Amino acid sequence: MSGLLSVFLHLLLLFKLVAPVTFRHHHYDDLVRTLYKVHNECPYITQVYSIGRSVKGRHLYVLEFSDYPGIHEPLEPEVKYVGNMHGNEVLGRELLLQLSEFLCEEFRNRNQRIVRLVESTRIHIMPSMNPDGYEVAAAQGPDISRDLVGRNNANGVDLNRNFPDLNTYFYYNEKYGGPNHHLPLPDNWKSQTHDLLRPLADKLIRTAVWHLQLQPHHPAFVSPQVEPETRAMIRWIRSFNFVLSANLHGGAVVANYPYDKSLEHRVRGFRRTANTPTPDDKLFQKLAKVYSYAHGWMHQGWNCGDYFPDGITNGASWYSLSRGMQDFNYLHTNCFEITLELSCDKFPRQEELQREWLGNREALIQFLEQVHQGIKGMVVDENYNNVVEAVISVSGINHDVTSGDHGDYFRLLLPGTYTVTATAPGFDPQTVSVTVGPGEPKLISVNFQLKRSVPQATPTRRVPNSGHGGRVLPKKMQPQAARKKEMEMKQPRRVPV
């Protein structure tokens with residue numbers, strides 16, 4: 001009993017010591033206290049959970065907002081924000097803590113826009129994917145450049161160059177035929193080559209694909225060692241049916257959309273930059289513009305000495321990046337992710353945080369609302385049982401999505417009229433036409449009820465008096481005598497002249 005009392009008093013003291021979220025930088029312990037403070041203030045619409053641990057054992061915490069936290073409600077889309085993937089790029093971390101406090105406070109104040117968002121969406125907020133790197137960067141003095149210090153995790157690995165390379169699979173499939181979605185992980189994805197061998201590995205991959213025409217699962221396809229943080233992210237991404245996501249970075253001010261990896265060959269060790277669009281390029285541009293134009297100054301284009309029209313860019317046209325998280329989300333799951341570069345200074349001074357929050361607040365909310373742009377629905381069979389992993393295809397867009405564990409699916413689409421088909425093994429496909437209207441984001445309900453495929457029957461004949469009780473036997477199984485008699489009856493009779 002005394003032990004429980006001690007724990008209770010410790011937790012009570014913990015919450016009492018937590019000050020309201022202010023415009024300051026948060027070390028790991030401060031971050032944890034802030035997340036639990038928000039949960040304590042809004043216990044009925046939040047939960048805190050961990051997806052795993054960093055190299056140094058720090059939890060990778062997520063704060064969830066939902067009217068039923070911890071539960072996936074069918075037909076309610078799931079969206080995520082991930083910050084601080086690079087430990088020295090900290091603005092996203094602080095913005096997501098501010099956003100968490102804002103959502104809780106506005107919900108309690110019955111702000112109808114926020115109430116509607118929380119009640120219709122399951123929101124997952126991860127302020128820091130790289131807590132170890134952050135502590136290294138934060139330990140530097142304010143006048144010391146943090147351009148590289150703390151960027152990587154505790155093993156010195158850049159986490160945004162650490163996911164399995166699925167772009168090569170897709171480029172191969174696009175040329176020779178193959179799936180356009182949910183590309184499988186390589187068999188060796190958990191134990192892969194070191195960063196120093198990456199250029200050689202890429203060269204082997206290109207040779208295999210373009211010259212030897214090897215299949216992507218061939219042993220020549222290798223990738224870098226997967227770190228604990230990356231493994232945790234992959235498990236998380238695969239465990240939830242995320243529809244939309246943004247990864248918050250720093251060092252520029254631009255909304256970056258897939259693909260990040262250029263299809264062009266390397267020149268002197270570097271892959272040439274070239275616009276490399278996804279099949280959903282127009283949709284990704286719209287998502288990026290939503291954030292850019294709702295942001296205080298991103299849409300102006302001129303920031304940090306760079307110019308990006310409309311404040312957006314295709315990742316590969318800016319610089320080519322292999323094994324990034326953004327492309328991985330799109331190629332391996334149903335999730336559409338963009339990367340938000342939010343500040344010229346990767347580790348802005350504390351006095352700059354309030355201005356940054358005011359410049360990003362509306363954009364953060366508007367982007368969450370975009371998860372309701374397109375169509376959604378249930379896929380069931382004739383008995384109204386859920387059909388899991390049914391493939392939802394949109395004519396003219398070479399990228400499919402699938403139904404989740406509850407039979408529900410979500411397909412982000414721009415306004416327009418589309419031909420949509422649902423297919424699943426053992427069922428006849430079903431095709432419908434649907435129109436997504438303009439205006440405020442609102443998912444249009446399009447349900448599918450699939451019928452079981454009828455197997456083709458073997459050709460049969462009825463053999464009278466066959467000694468088998470009049471049963472119908474396949475032709476090849478009829479007794480030889482019966483088949484001989486039948487053939488004789490079919491012979492043309494001679495007619496006397």
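Predicted model: local features only at pLDDT ≥ 70, side-chain atom pairs only at ≥ 80, totals over all residues.

Residues are numbered from 1 along each chain as its sequence is written, and side-chain values use heavy atoms, with hydrogens and water left out.

Okay, let's start at His86, which sits in the loop between S3 and helix H3 (91-108). Is His86 buried or exposed? Buried, with a relative accessible area of 3%; the cut-offs are under 20% for buried, over 50% for exposed, and partly exposed in between (1.4 Å probe, protein chains only). Leaving aside neighbours within four places in sequence, His86 is in contact (heavy atoms within 4.5 Å) with residues including Asn130, Asp158 and His249.

Now the sheet. Eight strands make an open, mixed sheet, in the order S1-S2-S4-S3-S5-S12-S6-S11; two strands pair if DSSP finds at least two bridges between them. S1 (46-53) and S11 (312-314) are the edges, each with a single partner strand, so one side of each has no neighbour in the sheet. Further in, S6 (residues 252-257) and S12 (residues 336-343) run antiparallel over 5 bridges, and Val253 has Leu342 as its bridge partner in S12.

Last stop, helix H6 (residues 167-176): 7 of its 10 residues are buried, among them Tyr169, Phe170 and Tyr171. Just after H6, Gly177 takes a positive phi of about 100°.

Notes: Helix = DSSP H or I, 4+ residues; strand = E, 2+ residues; numbered from the N terminus.
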